Amino acid sequence: MSKNNITDRLKNFLFEILLKEEGEIQAEAWTHLKMLDLDCDDLSRVINEIPFVKTPYVDEGWELFKTKNPTKQDVIDIVKCSTKRREAETFLLEHFELENEDLVEVIKVTENDELAWQLLRRNPANEELEAIMRYTNLKDEAAEELLKRSPDNDELYEIIENSSLKLEAWERLLQQGPTNEDLERIVKFTDLEDLAWDYFLQQHPTNEELMDFVNDYSETGRKRKEAAQLLLERELGMEELVNLIREDQFADEAWERLKKKSPACDDLFYLIWRRTVKTDEAAEWCLKLNPDKKTLWNILEYSDKKDEAALQLIQMPLELYELADLVLKSGSEPVLNVLSERVQFDRSKVNEAELIRKIAEKILNHPELLNVNHWHAGDTHCLGGWAITLHEQAQETEKQFGSEIAASLLLPHYTHLFFADRETVLSELKEIME
Amino acid sequence: MGIFMCQFYFRQGFPKVADIQKTFHRITGLKVKLYSNVYMDELMTNGRDLMYHLLEKSEDKRWDSLNETYFACSGFNDVYLDYLNPANKTLDLKYGAGKSNTYFYDAMMKTMQEVGGVSYRHPPFEEITDDSIEQFLEPYQPHTPFWMRIRKWDEMSDFEKERFLFNP
């Protein structure tokens, strides 16, 4: 094993202490570290805020760092990541000849106007001018320089977004012919919103381009209503109508138009699943269409038409686990009958009202006996767990088919409390006892 | 065949492997071990945080795939520790599902949350920081069906065990 390898491992060991411990042990680790001929990489770990936590030895580490003949990139890295940013920046300017790309790297972090001036005087490339516009106060100076050249549409957009020479850039953009994509971002992100919108409309945007405003991924909300209204004046496909409903833009009108197109269950699946303003209407529509199992589960899960969907589901061949899921969503009598028959549990001897009152009394007198996170945990149980504990026949069912089925057959009208939080369970039990 | 992945954020820093093992045993009644092809230095890992050292051994300290580092539990497919990033205190668990049983993976997710992790869904290719991650966190709700179903393996009925079989 080489000496270097041992030194590196020792350094790592001490660094771990330095970064994770505090007080005397940390101070001792630092003392030992300093004896190990630390290089700039090592010292960066002491000075930089990331990737590790900040140590109390930043100042001392920085002083040491300067004595180790750091390279230009070493110092730039400190500028980018450390609380010693300003000191490192000064050091950088005093000791190194900086290329344009170095200046840009530093400007992006420090937003230093003086450096931006330096860069401006060096005939910077177009993308370097863009950096000056974005990160410093010399926006107009950079924009003016860029306008003297032949900026492309992207560069003109940067001028519009960042400088006060936006109108000049806008005129130039019109001469060059903006795409609808160019106009869309000007509407969404700059203060030439109305100008760009008018021009966008003159360019006959497609449905898809208008829908981008409705979807509003940028979350600016700009021209959303206007785009939706324009779309409704056109011939729209089912997907587009579903999208308008999903985004809650003129949903009533869109739904009426959608119905006229006689949508199938698959066309409405998304509308139900996303819990839109028309979820229940869409579920009701599907229930009339002899829906398949997938659609019925979707309705059961996401709409208010649970019992109706459950009634149709139990006409189909179901696995036991599906029945177990079903009874948690809909405790209607037909569902319970099918389930109890499958697991051969005699419900006739269960008095649900009496059982829930018995549990409520027990828990309200001793709330510490309620543990909503576990079916059974020693002497504590969740609501469903308590029902099973107090019912011998159900304990057999639990052993064979699990807690959910056993508890659901005992308290079918309280399944929503099996997985509720503690406050909800206690509050509903109080209501039962009142 | 599919791959499951879950991301966790640890406000208080990564858990010790011993704590993960203890919590996993409390939840499942089973034993879990962490294996890695990353060479471990006894001096560095003696009684300390193993996960931290996994990262120390990797070249890129901010964001590194740890490859063959995985949790194993007898009778189940391994769960991989995919990324570990001390800068934002996050790690990912990955599980090649196939038609296998997801019990071990689900139980590892529950374990990670019970040792201080919070799961999150974050748009890919975006930098995560302590501040920005807050908006993506999904609070752990142990009383909900998914987590309530993960109980001690030997105390579940065959029917309950079968529900962990993944059907693509």
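Reader: What share of the 168 residues in chain B is buried?
Author: Buried residues account for 29% of them. Buried means 20 or more other C-beta atoms within 10 Å of the residue's own, exposed means 12 or fewer, and partly exposed is in between, with C-beta atoms placed from the backbone.

Reader: And what am I looking at, numbering included?
Author: This is a predicted model, where local features need pLDDT of at least 70, side-chain atom pairs count only at pLDDT 80 or more, and totals for chains, interfaces and linings use all residues. Residues are numbered from 1 along each chain as its sequence is written, while chains are lettered from A and ligands numbered from 1 in the order in which they are written.

Reader: What are the ipTM and pTM?
Author: ipTM is 0.80 and pTM is 0.72.

Reader: What does chain B average in pLDDT?
Author: The average is 79, and 74% of the residues score at least 70. pLDDT is the predictor's confidence in each residue, from 0 to 100.

Reader: Secondary structure of chain B: how many helices and strands?
Author: Seven helices and seven strands. These are DSSP runs numbered from the N terminus: helices are H or I of at least four residues, strands are E of at least two.

Reader: In what order do the strands sit in the sheet?
Author: The order in chain B is β2-β3-β4-β5-β1-β6-β7, in an open sheet with antiparallel pairing. Pairing takes at least two DSSP bridges between two strands.

Reader: Which residue stands opposite B:Phe71?
Author: B:Val79, in β4 of chain B. Strands β3 (residues 69-72) and β4 (residues 79-85) of chain B pair over two bridges.

Reader: Switching to chain A. How many helices and strands?
Author: 29 helices and two strands. Its radius of gyration is 34 Å, well over the 22 Å that the globule rule gives for 434 residues, so chain A is more spread out than a compact globule. The radius is taken over C-alpha atoms, and the rule is 2.2 Å times the number of residues to the power 0.38.
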